[in-house]
Amino acid sequence: MPVPILPCPPDTPDHGVIERAGRTLRDGGLVAIPTETVYGLAANALDPVAVAAIFTAKGRPASDPLIVHVDGPAMADAVVEGTLPKTAATLAAAFWPGPLTLVLPRNDAVPAAVSSGLDTVGVRCPAHPVALAIIAAAGVPLAAPSANRFGRVSPTSALHVAEELGDRLDLIIDGGRCDAGVESTVVAIDDDTAVVLRHGAIPIEALAQHVPVRAVDARTEAARASPGHDQRHYSPGAATTAVVPGFVPTADDGGDVLYLGYTDAVPVLPPGWRFVALGSRADLEGVARRLYDTLRAADAEQPARIVVELSGAAGIGRAIDDRLTRAGSSRVVASGDSPI
Ligand code: TXA
Ligand code: MG
């Protein structure tokens, strides 16, 4: 039987749908929920059997920790050991509800499997009204990774979830398109400093207005500090290559290629290449919002190769470039490099 996809618009949430989602989650089921970043594959974070089902459904290695979603500070306190460090409290006050995940000491109430055995837990209070209502209806914190098969492109619509995991979950709640389009910013706390483990929807510049910030080098340090930070991730099925901002292809690069770039400066493309717009560099929020949708649509055309151009920008550009770099297995090709 196909999985039920139940509409629940954010501005007029359907209480019957929210109750059903809450009940399914309390009963140990798997429910895809909308958030402001991407869709999550949710289960009761306090139920080890339900948590194990998340890993199985996604084909996710047990070494990749899950984020626990709460509906406010009281529920956060229930999953965190001790009181919130001051830096974390400052960030939570500034950015929750919102796309910020705080890595904090894990309380014993949370099964170790949620955090892949780490003594920390990633906690986030999402801003999507449907997500908040479902957490409240479930009455328990929800472990929820992005609702895609492991390593693949994250879903930003209910339809994407159905394509990815349709036969592996109990319910999909359709809360419309995700607003941010890229995942939350993941932050560990080092004394008074926010240590960015994963660039995301909240740019480091915004964090820096509240606390000192440093970002780990995604290619080296993050791999250790934040397991699950794979070099190949967010990947279409087609072979994908990331290229530098302003990349200039050469005629030898001909072939069946989709080139995902910016409308502000479309390069002269070799024979066989077609241009697909990521959007304008002047609207990188828009680029982020549509990013996974654009990658998915490009993949559906089954080209021999997808080439994606990095933004090279600060702010939300860092999250865009992080995802595009991983989509290209963490190799970035410069103009003149051969083969691409
Ligand atoms: O926006 C988001 O964060 C979405 C929505 C659904 O909330 N969720 C999401 O989950 O992106 P996921 O599973 O795709 O990414 C979780 C990542 C892990 O791979 C890891 O990098 C980091 O968050 N993480 C989680 N818990 C951690 C911990 N205890 N220590 C370090 N990193 C952690
Ligand atoms: Mg993910």
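**View 1. Leu6 stands opposite Ile173 in β8.** The model is a predicted one, in which local features need pLDDT of at least 70 and side-chain atom pairs count only at pLDDT 80 or more, while totals for chains, interfaces and linings use all residues. Residues are numbered from 1 along each chain as its sequence is written, chains are lettered from A and ligands numbered from 1 in the order in which they are written, and side-chain values use heavy atoms, with hydrogens and water left out. Strand β1 (residues 5-7) and strand β8 (residues 171-174) run parallel and are joined by three bridges. Strand β2 (residues 31-33) also runs parallel to β8, with two bridges between them. Here Ala32 is the residue opposite Ile172 in β8. Strands (E, at least two residues) and helices (H or I, at least four residues) are DSSP runs numbered from the N terminus, and two strands pair if DSSP finds at least two bridges between them.

**View 2. Five strands form an open sheet in the order β14-β13-β15-β12-β16, with parallel pairing.** The edges are held by β14 (273-279) and β16 (332-333); each has a single partner strand, so one side of each lacks a neighbour in the sheet. Strand β13 (residues 257-262) runs parallel to β14, and six bridges join the two. Within this pairing, Gly261 lies opposite Ala277 in β14. In a regular strand the side chains alternate between the two faces of the sheet.

**View 3. The largest pocket holds about 620 Å³ of space.** Among the 41 residues lining this pocket, Arg60, Pro65, Ile67, Val186 and Arg198 are the closest to its centre. Two or more lining residues come from each of β4 (67-69), β5 (100-105), β6 (120-124), β9 (185-190) and β10 (193-198). The largest share, four residues, is given by β6. The lining comprises 17 nonpolar, 16 polar and eight charged residues. In this classification Ala, Val, Leu, Ile, Met, Phe, Trp, Tyr, Cys and Pro count as nonpolar, Asp, Glu, Lys and Arg as charged, and the others, Gly among them, as polar. A pocket is an open set of points on a 1 Å grid over the protein atoms alone, where a 1.4 Å probe fits, with protein on both sides within 12 Å along at least five of seven lines; lining residues have an atom within 4 Å of a point. Grid points are joined across faces, edges and corners, and the volume is the space filled by probe spheres set on the points.

**View 4. Arg60 and Asp64 meet through their side chains in a salt bridge (3.0 Å, N to O).** A salt bridge places a side-chain nitrogen of Lys or Arg within 4 Å of a carboxyl oxygen of Asp or Glu, and the structure holds 15 of them. Arg60 is buried, with a relative accessible area of 13%, and Asp64 is buried at 5% relative accessibility. Buried means under 20% relative accessible area, exposed over 50%, and partly exposed in between (1.4 Å probe, protein chains only).

**View 5. Arg296 forms a salt bridge with Glu163, with the closest N and O atoms 3.6 Å apart.** This pair links distant parts of the chain, 133 residues apart: Arg296 belongs to helix α9 (residues 284-300) and Glu163 to helix α6 (residues 158-165). Arg296 is buried, at 12% relative accessibility. A network of salt bridges links Arg149, Glu163, Glu164 and Arg296.

**View 6. The side chains of Asp322 and Arg323 are joined by a salt bridge (2.6 Å, N to O).** Arg323 is buried at 1% relative accessibility, and Asp322 is buried at 9%.
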